Amino acid sequence: NIFFDTDQTKPTKGSVDSINYLITYLRANPSTKATLMGYADETGTKAHNKRLSTNRAKNVKKIFMNAKINGSRLEIVGNGEDTSVNKNSTDARGIARRVTFKIMN
């Protein structure tokens, strides 16, 4: 997972290892594609969170493209709010603000 601070599209510094892991994997497996799925917590409107989740996935794609991963190998999906966590918990909301990736061979 790649995590984000509230209302931000730039990954947290703690997410660098996850980003580098996927970049390394994609470089070593040039026929592999990935879906980048963005999420937001439940603060803000549903429409705003949908855009935010999409923009998070787009920004991660841009990071990968800057690392010379062909953008055609990366699909983005904005899933909007992750309602599976306790919206009253700061820690849980931190887990909801993320981009996950699914590898497709």
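Is N105 buried or exposed? I looked up N105 and found it exposed, because its relative accessible area is 79%. (Exposed means over 50% relative accessible area, buried under 20%, partly exposed in between, with a 1.4 Å probe and protein chains only.)

Notes on the source. I am reading a predicted model, where local features need pLDDT of at least 70, side-chain atom pairs count only at pLDDT 80 or more, and totals for chains, interfaces and linings use all residues. Residues are numbered from 1 along each chain as its sequence is written, and side-chain values use heavy atoms, with hydrogens and water left out.

Entry on N105. I placed N105 in the segment after β4 (98–104). (Helices are DSSP runs of H or I with at least four residues, strands are runs of E with at least two, and both are numbered from the N terminus.) Not counting residues up to four places away in sequence, N105 touches Y25 and T32. (Contact means heavy atoms within 4.5 Å.) The side chains of N105 and T32 are joined by a polar contact of 3.1 Å. (A polar contact is a pair of N or O atoms within 3.5 Å; within protein, one must be able to donate a hydrogen and the other to accept it, and residues adjacent in sequence count only if both atoms are side-chain atoms.)

Entry on S53. I found S53 in helix α2 (residues 46–66). S53 counts as buried because its relative accessibility is 0%. Its side chain reaches the backbone nitrogen of G80 at 2.8 Å. Leaving aside neighbours within four places in sequence, the contacts of S53 include G38, Y39, G78 and N79.

Entry on the sheet. I traced an open sheet of four strands in the order β1-β4-β2-β3, with mixed pairing. β1 (2–3) and β3 (74–81) stand at the edges with a single partner strand each, so one side of each has no neighbour in the sheet. (Two strands pair if DSSP finds at least two bridges between them.) β2 (residues 33–40) pairs with β3 in the parallel sense over six bridges. I also saw L36 opposite I76 in β3.

Entry on the helices. Helix α2 packs on the sheet and touches β1, β2, β3 and β4. The direction of α2 makes about 155 degrees with that of β3. Helix α1 (residues 16–28) lies across β1, β2, β3 and β4, at about 20 degrees to β4. (Axes are lines fitted to C-alpha atoms, for helices over the stretch in contact, and angles run from 0 to 180 degrees between N-to-C directions.)
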